[in-house]
Amino acid sequence: MVGILADAKEVKDASVLLNSVLEREATRTTGIGNGLAIPHGKCAGVDHLVVAIGKPAEPIDFDSIDKRPVSLIVLLASPPEQTGPHIQALARISRLMNVDAFRHAMRTATSAQQIFDAVVAQENAMSTA
């Protein structure tokens, strides 16, 4: 997923970002349950908040807190000085994943466009609620 962000020119230094995410993951799993992992890091490898969403072909053992495999990965990274937006993004992702219909939409999505559409639809629903 780091490579995808790098290919999209959203990353200044992919190796710095990858190392940051791996270091964070080594301290404690980012598998938060409900089939979701949010690997994240703050590092100089990015100059703005970036997010990539991935669905592995088969669920991955992520040493999640609920001991269930992960079927959705949201990679989040931001520069070291952007603590507020980083924490807000983590919280927003967690809130989205607490919505049963959204989790179902993400699980059944078969394309990047369907994933994007599900995120936009849920964001719109949450902002009008």
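Student: Is Lys9 buried or exposed, and what is its relative accessible area?

Tutor: This is a predicted model. In it, Lys9 sits in the loop between helix H1 (2-7) and helix H2 (14-27), and its phi is positive, near 65°, although Lys9 is a residue other than glycine. The class follows from the cut-off, since exposed means over 50% relative accessible area. Lys9 is therefore exposed, with a relative accessible area of 70%.

Student: What is the relative accessible area of Lys67, and is Lys67 buried or exposed?

Tutor: Lys67 belongs to the loop between strand E4 (50-54) and strand E5 (72-78). Its phi is positive, about 65°, although Lys67 is not a glycine. With a relative accessible area of 68%, Lys67 is exposed.

Student: Does His40 count as buried or exposed, and at what relative accessibility?

Tutor: His40 lies in strand E3 (residues 40-42). Leaving aside residues up to four places away in sequence, His40 touches Ser20, Val21, Arg24, Thr30, Leu76, His86 and Leu90. Buried means under 20% relative accessible area. His40 therefore counts as buried, at a relative accessibility of 13%.

Student: How far apart in space are Leu18 and Glu58, C-alpha to C-alpha?

Tutor: Leu18 is placed in helix H2 and counts as partly exposed, at 39% relative accessibility. In sequence, Leu18 and Glu58 are 40 residues apart. Their C-alpha to C-alpha separation in space is 22 Å.

Student: Which element supplies the largest share of the largest nonpolar core?

Tutor: The largest nonpolar core has 15 residues, and those with the most contacts inside it are Leu36, Ile38, Leu72, Ile93, Met97, Phe102 and Met106. At least two residues of this core come from each of E5, helix H3 (83-97), helix H4 (100-108) and helix H5 (112-128). The largest share, 5 residues, comes from H3.

Student: How many residues form the second, separate core?

Tutor: Met106, one of the residues with the most contacts inside the largest core, touches Ile53, Lys55, Leu72, Ile115, Ala118 and Val119, not counting residues up to four places away in sequence. The second core is separate and includes Val2, Leu17, Val21 and Leu75. Its size is 11 residues.

How values were computed
Residues numbered from 1 in each chain as written. Predicted model: local features only at pLDDT ≥ 70, side-chain atom pairs only at ≥ 80, totals over all residues. Heavy atoms only, no water. Helix = DSSP H or I, 4+ residues; strand = E, 2+ residues; numbered from the N terminus. Buried < 20%, exposed > 50% of the residue type's maximum accessible area, 1.4 Å probe, protein only. Contact = heavy atoms within 4.5 Å. Core = buried A, V, L, I, M, F, W, Y, C linked by side-chain atoms within 4.5 Å.
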